[in-house]
Amino acid sequence: MDREQQQRLQREEHERHEVIERVEPMPEPAAAARLHRELERTWYVPSGLIGSLCVVDHRTIAKRYIVTAFCFFIFAGLLAVLMRIQLAVPNNHFLGPDLYNQVFTTHGTMMMFLFAVPVMEAMGVYLVPLMVGTRNIAFPRLNAFSYFVYLFGGVMLTVTLLMNTAPDVGWFAYVPLAGPDYTPGKRADFWAQLITFTEVSGLAVSVELVATILKTRAPGMSLNRMPLFVWSMLVTALMVIFAMPSVVTSSSMLLLDRLVGTHFYNPAEGGDSLLWQHLFWFFGHPEVYIIFVPALGIVSSVIATFTGRPVFGYPAMVLALVATGFIGFGLWVHHMFATGLPQLGLTYFTAASMIIAIPSGIQIFCWIASLWRGRPRFHTPLLFVLGFVAIFVFGGLSGVTLASQPFDLQVHDTYYVVAHFHYVLLGGAVFPLIGGIYYWFPKMTGRMMDDGLGKITFWVLFVGFNVTFFPMHILGFEGMPRRVYTYPAELGWGPLNLVATIGAGMLALGGLLFLYNVVKSHAAGAVASANPWNGGTLEWSVPSPPPVYNFLYQPVVEGRDALWERSADVPVVVGIRSDCREVLITDVMDAEPSNKVEYPEPSIWPFLCAVVTSAFFIGSIFTPWALPVAIIPLAITLIGWFWPKSPRAEAPGVAAPVKEAA
Amino acid sequence: MCRWSWGLAIGASVTLLATACQREVRPFQDLTVASDRAQRPTLSSISPGSPSPAPAPAFSPYQNNAYATGEGKRLFDAFNCSGCHAHGGGGMGPPLMDDEWIYGSQPANIFETIVEGRPNGMPSFRNKIADQQVWELVAYVQSMSGQEPIDVLPSRSDHMRYSTPENARRAEVPKQTGTP
Amino acid sequence: MMQSMFHPAGPVAQRIASLGWLLLAVCIVVYVLVMLVTLWALLRRRPVAEDVPRTTRRLTRTVMIATVVTAVILALFTVSSVVAGRGLASPTGPGAITVDVIGHQWWWEFQYRDVTPSDFVTSPNELHIPVGVPVHLKAISRDVIHSFWVPNLLGKRDLIPGQVTNTWLQADDPGIYRGQCAEFCGHQHAHMAFVVVAEPMDKFLAWIQHQRAPATGPASDEEKHGHDAFMHSTCVMCHTIRGTDAGARLGPELTHIGSRMTIAAGTLPNTRGHLGGWVANAQGIKPGVRMPPNPLNPDDLQAVLTYLGSLR
C-alpha cells in the first residue's frame with residue numbers, strides 16, 4: 001500500500017466520522033430558516049403541465065400511485081358489483097357469458113396487478129424514505145418512470161374493457177384456453193402485456209425500495225432497529241424481485257405463442273400446458289404474500305402507536321416476516337393439487353403450505369400480546385386493524401384447510417376458495433390499508449380524517465364484508481364452482497347468492513363513505529400537528545405534510561422507536577450539502593455513514609422513456625416489429641435520461657454554511 | 001394547442017372503439033345471419049304467400065371479426081376441408097393461401113362456392129352447414145391468404161405444426177384466374 | 001340432485017368429508033379461542049402500575065406455548081391429510097372397471113372400452129356406474145383444461161391436453177349424482193355438467209348391453225321423415241347415430257339420446273320441448289356453444305324431434 005493510498009484512506013475515514021456531529025436538538029431559528037430556504041430551493045418539486053411530468057419527488061409520486069391505485073380499486077369494485085348482480089338470482093341474463101368473463105377477469109387482474117401490489121408499494125414509496133430518515137427514495141427517476149409505466153398499463157386494461165376487448169380467460173389465464181387456438185383476437189395479448197407493464201413498474205419500485213432501505217438509513221438505524229413496516233417492505237421488495245421474473249417469462253412466452261407461433265405451451269409440439277401453471281404460480285403464490293406482507297407492516301405500525309408500546313416480540317416478528325418470504329416460494333403447487341402430480345410431491349407441498357401458517361400465527365400472537373400489554377386507544381386505524389385480526393385469522397384458518405391436499409380436491413376452484421382469498425386479501429390487506437390511510441392521512445395531507453365517520457365506515461365495511469363472503473364458504477361446500485356466469489335454480493344456491501349480493505351492496509356503501517371521508521377531510525379536515533397520534537417512527541418527527549426535503553437535518557437514531565427513545569441531546573447529521581441533492585449513504589448492517597451521493601434533478605426523460613416503453617409493449621401485441629422499431633427511440637430516451645452532468649466543482653466551502661448552522 | 005390535442009385524443013378513441021368493438025365481438029347468436037336466406041326458425045308452416053327465394057348473400061358479417069375467423073379455422077379442420085385443400089396448401093383441391101382465385105375472392109363468391117359447390121369436385125354444402133358457420137368459414141378462408149387485418153388473423157394451433165401460422169404469412173393480392 | 005361434499009355417497013368422498021369435518025372443527029375451535037383471547041386482551045382491566053418485566057416474561061411464555069400448539073395442530077393436519085391422500089390414491093377392492101373421460105368445450109364424453117372396438121360404448125354427459133365397485137377414470141381433454149368433479153362422490157381431477165390423468169370413484173348407494181366442470185374452460189363453463197347414475201350391477205350390465213346396440217331404424221312414417229330430415233340437414237355434420245349414415249364425431253353421439261336424462265350437458269331435462277328449442281337455436285340457451293342455430297322448417301323439426309325421441 002503506497003503512501004498516497006494510505007493518506008486517502010485516512011482522509012476518507014476522517015470524513016466519515018465528521019459526518020455526524022453532536023448538536024443542540026433545536027438549532028437556532030434563524031439558521032434553521034436559512035437552511036430550510038436553501039433546501040427548499042434544492043429539492044424543489046416542479047409544477048405546471050410539463051413540470052408535473054418531471055417530478056422525481058417520492059411523496060408526490062407515491063400520492064399519484066395511491067390515488068391511481070384507488071381509482072382502479074373503485075373501477076374493479078364496481079365490476080364486482082356487476083358480477084354480484086349477475087349472480088344474485090339463478091339463470092340471470094344481466095351480463096351473459098361473454099361480458100361476465102371479461103368482467104371477472106378484469107376484476108381479478110385489476111385488483112391484483114393494478115391495485116393491491118402497486119398501492120402497497122406506493123405506501124412504501126411514501127413512507128420508507130421518511131421512516132429511514134432520508135431525503136428521497138433511491139433512484140428517483142426510475143421511480144417516476146415506474147409510475148408512468150404503471151399508469152399507462154392500467155389505462156390500457158381499462159380501455160380494453162370499454163372496447164369489448166378485455167381479457168376473458170381469468171386472472172391466471174391458463175393455457176391452452178388463453179392460447180392462440182382458443183382465444184382468438186387480441187384479448188389475451190392485452191392481458192399478457194398488462195402483466196409486463198405492471199411487472200416492469202413493480203420491479204423498478206422494488207429495486208428502489210431495497211436500495212433505499214439497505215443503503216440510506218439514518219445513522220444508528222442498524223437492521224435490528226428498523227421499524228417493522230420497513231422490514232415488511234424489504235421482505236416484499238425482495239419477494240417481488242425473485243417472483244416477478246417468473247411471470248414475466250411466462251407471459252412473454254404466452255405472447256410469443258400467440259404472436260409469432262412458438263410452441264412453449266403446445267403439447268403436440270413438445271410444449272406443456274402445465275408449464276404455464278408452474279411458472280405462473282411460482283409467481284402467483286408469493287404474489288399473495290407480496291400483497292399481504294406490507295399489510296403486516298401497517299398493522300404493526302398501527303398497533304404500536306395505538307397501544308403506546310412497541311410491538312411485542314420484535315425479533316420474532318422480523319423472523320416471521322423473513323420466514324414468510326422464504327416459505328412463500330415453496331408452496332405454489334397447492335394451486336395445482338388436482339392436476340394429477342405424484343403423491344409424494346403433493347405431500348411435500350401440503351406440509352409446506354401448513355408450515356407457512358406458523359410465522360403468520362406467531363405474528364398474530366405477538367399482536368395480541370401487544371394489545372394485552374399496551375393501553376389501546378380505539379381510533380379508526382386500530383378498529384380497522386382489529387377487523388383485520390378477526391377476518392384474517394378466519395381466512396388464515398380456511399387457508400390451512402386448503403393446504404390439505406385431499407380436502408382441497410373438493411373445495412378447489414369453488415366459492416370456498418373465492419371466500420378464502422377475499423378473507424385474506426380484502427380482510428388481510430385492504431382493511432389494514434384503509435386503517436393505514438386513516439393513520440397516515442394527516443402526515444400525507446396535513447389534515448385529520450373524520451374519526452366518527454371512520455368508525456361508521458368501519459362497521460359498514462366489516463359487516464358488509466362478512467355478509468358478502470361468509471356465505472360463499474357454504475356455497476363452496478354445496479359444490480358451486482367459481483367463474484360460472486350463472487347457475488340452475490334446482491341446486492338451491494340462490495338464497496345464499498342473494499345474501500352475498502346484498503353484502504356487496506353494503507361494501508359499496510362503505511367504500512362510498514370512505515371516499516366521502518377522504519374528499520371531505522382533504523378539503524376541510526382538522527389541521528394535523530406533526531405527530532397527532534404520538535407515533536414512534538421517524539415520519540412523525542417532521543411537519544405534516546413533510547417539507548420537500550423531508551428532514552431539515554437528517555436524524556440519528558438511538559433505538560427501535562426513534563421518537564420514543566430519543567435522548568435530549570440527539571445528534572443530527574451535518575456536512576451534507578444543501579446546494580445540491582446530496583444524501584448520506586450508510587452501510588447495510590449497522591447504518592454507519594459510509595458515503596455521500598448526489599440524487600438526480602427532476603427530468604422529463606423518465607416520462608418520455610415510459611411513453612416509448614408503453615408504445616413498444618402495446619405495439620408488440622400486434623406485431624413483432626415493435627421490438628426493432630422501438631429500440632431506437634428507447635435508446636434515445638435512455639441516453640437523455642443518463643446524460644452525465646458536467647462535474648460539479650468540489651467546493652468544500654459550500655458545505656460550510658450547514659456546519660455553521662449546526 | 002391543448003384543445004386541438006384533446007380533439008385528436010377523442011377522435012382517436014372513438015375510432016378505436018368503432019373498429020375494435022367489431023373485431024372482438026363474439027357473435028354467438030347472430031340470427032340475422034342465419035335468417036339471411038329466409039331460414040328463420042319457425043314453429044308453424046303457415047306463412048302468407050309463397051316462400052321467397054333465397055336472396056344472394058351480399059355482405060360478409062364476419063369480415064374483420066377475430067372470433068368468427070377462429071371459429072372458421074376450427075370448422076375448416078372439423079369439416080375436413082383439409083382433406084382436399086390441405087390446410088391451405090392445396091392437394092386434391094386448389095390451394096387457398098395463394099393469390100389465385102378461380103371463382104372470385106369476394107366473401108359472397110366464397111360463400112357461393114361453399115354453399116353451391118363448384119365443378120370438378122367441390123361439393124355443395126347447402127343445408128349441411130348452417131349459414132352462420134358458412135360465414136365463419138368464409139372469414140377463415142379469407143384469412144388464409146392474409147385478406148384480414150393483422151389483429152384478426154389466427155395464430156398457430158395447438159396441433160402439430162403444418163404450415164406458417166396465418167398471421168405470419170405474406171398478405172397476397174387476390175388475382176382472378178380463369179376456370180382450371 | 002343435491003350437490004354437496006358433505007353428503008358423501010362413496011368411500012372417496014366419505015374420506016374427504018371426514019377429514020373436512022376434522023379440519024373445520026379444529027379450525028373453528030382455534031378461531032373462537034383466538035377471538036376470545038383478543039377480546040380479553042382488549043378489554044381486560046389494566047392495573048395502575050404494571051410489573052413490566054414479569055408481564056413480558058409471561059407473555060413470552062404464552063406466545064411460545066401458542067406457537068408450539070399451532071405447530072402441533074399443523075403437524076396433526078399434515079399427517080391426517082397425507083394419510084387420507086394416500087388412501088385416495090388408488091382403490092382397495094377388486095373388480096374395478098375403467099371408463100375413459102373425455103372433456104370437450106362444453107360437454108363430457110364417457111367411453112366404455114371393450115376388447116372388440118365395435119363394442120365400445122360412448123355415453124355423452126351421463127356416466128353409468130355399478131354400485132359398490134371401484135371405477136377407474138382415465139381422463140383426457142380434446143381442447144382446453146377441464147376438471148372432473150362430482151362433489152358427492154369424489155374430488156376434482158383435471159383433464160389436461162397432452163396428458164392422461166387418472167382417478168377413481170365408487171358409489172355405495174344407488175342414485176343419481178350431479179357433477180360439473182370445475183376448471184374455467186371458456187364461455188359455457190357454467191353449463192358443463194353431467195349426471196352419474198349409480199345402479200346395481202345387473203342393471204348396469206343391462207344398460208351397457210343396450211347401449212352397445214346400434215340405433216333402431218325408424219318405425220313410423222313420422223320417424224322416417226325425421227330420419228331423412230336429420231340425414232339431409234346440418235345435424236349430420238357433427239353427430240353420430242350408429243346404424244345410420246351419420247358418423248361425425250364433433251358433437252355428442254345421439255344413438256340412444258331418447259334414453260338420456262338431460263340434454264346440453266346437464267343443462268336441460270330431456271323433454272321434447274326443450275330438445276326442440278335446443279335444436280332450433282342452441283345459442284339462445286348456451287351462448288357460445290358449438291351448435292349453430294339450425295333453421296329447419298317446422299315439419300322437419302317436429303319429425304326430427306320424434307325421431308330423436310325414438311332413439312331409446
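**Notes on a predicted model: helices and a chain contact**

1. Start with helix α19 of chain A, residues 626–641. With 16 residues at 1.5 Å each, α19(A) should span 22 Å, and its end C-alpha atoms do sit 22 Å apart, so the two values agree. Keep in mind that this is a predicted model.

2. Next, look at a pair of helices in chain A: α5 (residues 96–132) and α8 (residues 228–260). Their axes come within 10 Å and cross at roughly 130 degrees. Since angles over 145 count as roughly antiparallel and 65 to 115 as roughly perpendicular, α5(A) is therefore oblique to α8(A). The crossing of these two helices is left-handed.

3. Which residues make that contact? From α5(A) they are Met120(A), Gly124(A), Leu127(A), Val128(A), Met131(A) and Val132(A), while α8(A) brings in Phe229(A), Val230(A), Met233(A) and Thr236(A). Sorted by class, the contact of α5(A) with α8(A) has eight nonpolar and two polar residues, with no charged ones. As background for reading such a list, an α-helix has 3.6 residues a turn, so residues three or four places apart point the same way.

4. Finally, the contact between the chains: 21 residues of chain A and 24 residues of chain B take part. Helix α8(A) turns up again here, giving three residues, the largest share of the side of chain A that touches chain B. By class, that side of chain A has eight nonpolar, seven polar and six charged residues.

How values were computed
Residues numbered from 1 in each chain as written. Chains lettered and ligands numbered in written order. Predicted model: local features only at pLDDT ≥ 70, side-chain atom pairs only at ≥ 80, totals over all residues. Axes fitted to C-alpha atoms, helices over the stretch in contact; angles between N-to-C directions. Helix = DSSP H or I, 4+ residues; strand = E, 2+ residues; numbered from the N terminus. Parallel < 35°, antiparallel > 145°, perpendicular 65-115°, else oblique. Left-handed = near helix turned anticlockwise from the far one by under 90°. Contact = placed C-beta atoms within 7 Å. Nonpolar A, V, L, I, M, F, W, Y, C, P; charged D, E, K, R; others polar. Expected span 1.5 Å × (residues − 1).
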